[in-house]
Amino acid sequence: MKILKMSGLVAAIALLSACAQTPAEKAAEAKEHAQQLLETQITLANECDPQAATLMQQLPTANSLPAAQKIMFEKEYYAKINNPTFQACYNLAWKSYKEENQLKIARMQEWNEAQELDWDNGMFFNGPFGYW
């Protein structure tokens, strides 16, 4: 009896460890998420100021610039980003983006609920022997 319990425990641990993400997979997932977020930020910034969006796109590679160019880049970047008009437009774009995604989620949930109701009310059991 102990052997059966022990083998079940070992099998469960093996299954859980096989499903766990490795640190490399976690890092790759985090990098992909960060890249998607940056792309979204660039797209929204492009609606407000294309030059600011270009600077945002160059931001990940800014650390490899020489010191003088890096200082110039940072000055130009902060001047564009801290512009009150850009900030207002960018915040409005983010708000609109979030509301649009929430609307999509609500529509998907509504559609899912409607599909579940179709199964419950017998729509797909039209035959004489389909619904008991």
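Author: A crossing is left-handed if the near helix is turned anticlockwise from the far one by less than a right angle, and right-handed if clockwise. This is a predicted model, where local features need pLDDT of at least 70 and side-chain atom pairs pLDDT 80 or more, while totals for chains, interfaces and linings use all residues. Residues are numbered from 1 along each chain, and side-chain values use heavy atoms, without hydrogens and water.

Reader: OK, is the crossing of H3 and H4 left-handed or right-handed?
Author: Helices are DSSP runs (H or I, at least four residues), numbered from the N terminus. Here we've got H3 (residues 50-58) and H4 (residues 67-81), with axes that come within 10 Å. Their crossing is left-handed.

Reader: Which residues of H4 make the contact with H3?
Author: Contact means heavy atoms within 4.5 Å. H3 brings Gln51, Ala52, Leu55, Met56 and Gln58. From H4 come Phe73, Glu76, Tyr77, Lys80 and Ile81.

Reader: How far apart are the axes of H2 and H3?
Author: H2 (residues 23-48) packs on H3 at about 160 degrees, so they're roughly antiparallel. Their crossing is right-handed. The axes are apart by 6 Å.

Notes. Axes are lines fitted to C-alpha atoms, for helices over the stretch in contact, and angles run from 0 to 180 degrees between N-to-C directions. Helices (H or I, at least four residues) and strands (E, at least two) are DSSP runs, numbered from the N terminus. Angles under 35 degrees count as roughly parallel, over 145 as roughly antiparallel, 65 to 115 as roughly perpendicular and the rest as oblique.
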